[in-house]
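Student: Please show me the structure, so that the terms applied to it can be examined one by one.

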Amino acid sequence: DEKVLSSMFIKLKKKINAEHKRKILSDNFSFHSLRHKFITTLINSGQSVKKISEIVGHASIAMTERMYYHYTDEEKLVTISNLSFGKDIENTLK
């Protein structure tokens, strides 16, 4: 259960901060942010979105993609570079 894991994570974070006598892990660092990073890393490493969606318990693949898939600048450039404007224009003018 995510609530139980979140509670355990908060306790662990407090323990780590106390042992180091300073705030090593910020208040913004939550179990959810760790889960988000994990899922995003899996997707960006090329793992199957369908499998990831099933593992994390999402109702649909679309939800996983919408929430966690973030296109990198490199992916955007590859997509744009795959366009063949010159050929399209040549074919249109013929």
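This is a predicted model: local features need pLDDT of at least 70, side-chain atom pairs count only at pLDDT 80 or more; totals for chains, interfaces and linings use all residues.

Tutor: Residues are numbered from 1 along each chain as its sequence is written, and side-chain values use heavy atoms, with hydrogens and water left out.

Student: Why is valine 4 called partly exposed?

Tutor: Valine 4, found in helix α1 (residues 2–19), has 46% relative accessibility. Buried means under 20% relative accessible area and exposed over 50%, with partly exposed in between (1.4 Å probe, protein chains only). Valine 4 therefore counts as partly exposed.

Student: What share of the chain counts as buried?

Tutor: Of its 94 residues, 17% do.

Student: What makes the backbone oxygen of valine 56 and a side-chain polar atom of arginine 35 a polar contact?

Tutor: These two atoms lie 3.3 Å apart. A polar contact is a pair of N or O atoms within 3.5 Å; within protein, one must be able to donate a hydrogen and the other to accept it, and residues adjacent in sequence count only if both atoms are side-chain atoms. The distance of 3.3 Å therefore meets the cut-off of 3.5 Å.

Student: Which residues does arginine 35 touch, not counting those up to four places away in sequence?

Tutor: Arginine 35, placed in helix α2 (residues 31–44), touches Glu2, Val56, His58 and Tyr68, where contact means heavy atoms within 4.5 Å.

Terms used
Helices (H or I, at least four residues) and strands (E, at least two) are DSSP runs, numbered from the N terminus.
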